[in-house]
Amino acid sequence: MTPGTIWGVMLKKKVFQQWEIVEELAKMYSYLPKRYIRMRVQEMVKIQTLNKALVKVHENPDILAVSKYSSDWERNYTTYYTCEVCEKKFIPSMPHQKVCSRECKRKHQVKLCREYRRPSEERKRNRKHLPWTKEEEEEILKAFPDLKYSKAIAQNLSIKLKRSPEAIRRRLYELRRGAGK
Ligand SMILES: [Zn+2]
């Protein structure tokens with residue numbers, strides 16, 4: 001990774017945040033530690049800002065432009081994300097940012113919490129607590145004709161019966177005991 005390649009990526013991007021260049025270079029040089037790439041990019045930004053080849057056009061988040069594009073940088077800036085909460089377009093200040101503001105972040109966390117809780121409430125009502133029906137037991141006996149447990153069969157059957165393979169295994173053993181084997 002030469003200074004030339006780093007500057008080349010900046011020239012191609014025209015208007016960017018530092019982390020965007022780091023991400024781009026990290027794709028090209030996946031064997032290099034990101035920390036090292038970040039340091040090299042920072043160095044380049046410093047030098048080229050001093051040389052006036054780069055101009056800071058926006059603060060918080062900091063956006064840089066190759067000097068020739070600094071006056072109409074907004075037209076050349078392409079990195080807008082859509083907020084997952086309010087669906088507004090925003091300038092992300094880091095990769096993988098999902099929301100536009102602190103307010104939306106809070107709402108997003110509440111939503112995540114709710115989504116996280118839902119499955120566990122479902123788990124409480126899980127079928128595994130329901131008693132086995134005659135039909136289900138017949139399915140088990142049919143699936144394991146010699147009453148020998150097989151994980152593959154249990155996994156197949158678990159989709160059909162909507163019970164876990166482990167529950168099926170336990171029931172099979174109970175049935176086996178009942179069958180006197
Ligand atoms: Zn938002």
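Me: Where is the place of Tyr 36?
Reply: The model described here is predicted. The place of Tyr 36 itself is in helix H3.

Me: Is Tyr 36 exposed, partly exposed or buried?
Reply: A residue is buried if 20 or more other C-beta atoms lie within 10 Å of its own, and exposed if 12 or fewer do. Tyr 36 has 13 other C-beta atoms within 10 Å, so this residue is partly exposed.

Me: Are H2 and H3 roughly parallel, roughly antiparallel, roughly perpendicular or oblique to each other?
Reply: Helix H2 covers residues 18-28 and helix H3 covers residues 34-50; their axes come within 9 Å and cross at roughly 130°. Angles over 145 degrees count as roughly antiparallel and those from 65 to 115 as roughly perpendicular. H2 and H3 are therefore oblique.

Me: How many residues of the contact of H2 with H3 are nonpolar?
Reply: On the H2 side, the contact is made by Gln 18, Ile 21, Val 22, Leu 25 and Ala 26. On the H3 side are Lys 34, Ile 37, Arg 38, Val 41, Gln 42 and Val 45. Of the residues in this contact, 2 are charged, 2 are polar and the nonpolar ones number 7.

Me: Are H6 and H7 roughly parallel or roughly antiparallel to each other?
Reply: The axes of helix H6 (residues 134-143) and H7 come within 11 Å, and they cross at roughly 155°. Angles over 145 degrees count as roughly antiparallel. H6 and H7 are therefore roughly antiparallel.

Me: How many charged residues does the contact of H6 with H7 have?
Reply: From H6, the residues are Glu 136, Glu 139, Ile 140 and Ala 143. They meet Ile 153, Leu 157, Lys 160 and Leu 161 in H7. By class, the contact has 5 nonpolar residues and no polar ones, and its charged residues number 3.

Me: What arc around the axis do the buried residues of H1 cover?
Reply: Helix H1 runs over residues 3-13, and its buried residues are Ile 6, Met 10 and Lys 13. They are on the same side of H1, because they cover an arc of only 70°.

Me: Which exposed residues does the face of H1 turned away from its buried side carry?
Reply: The buried residues of H1 pack against strand S1, H2, H3 and strand S3. The face turned away from that buried side carries the exposed residues Gly 4, Gly 8, Leu 11 and Lys 12.

Me: Does Lys 162 count as buried or exposed?
Reply: The place of Lys 162 is in the loop between helix H7 and helix H8. This residue is not a glycine, but has a positive phi of about 55°. With 10 C-beta neighbours inside 10 Å, Lys 162 counts as exposed.

Me: What is omega for the peptide bond that joins Asn 60 and Pro 61?
Reply: Most peptide bonds are trans. Pro 61 is in the loop between strand S2 and S3. The bond joining Asn 60 and Pro 61 is cis, with omega about 0°.

Terms used: Residues numbered from 1 in each chain as written. Predicted model: local features only at pLDDT ≥ 70, side-chain atom pairs only at ≥ 80, totals over all residues. Axes fitted to C-alpha atoms, helices over the stretch in contact; angles between N-to-C directions. Helix = DSSP H or I, 4+ residues; strand = E, 2+ residues; numbered from the N terminus. Parallel < 35°, antiparallel > 145°, perpendicular 65-115°, else oblique. Contact = placed C-beta atoms within 7 Å. Nonpolar A, V, L, I, M, F, W, Y, C, P; charged D, E, K, R; others polar. Arc of directions from axis to C-beta.
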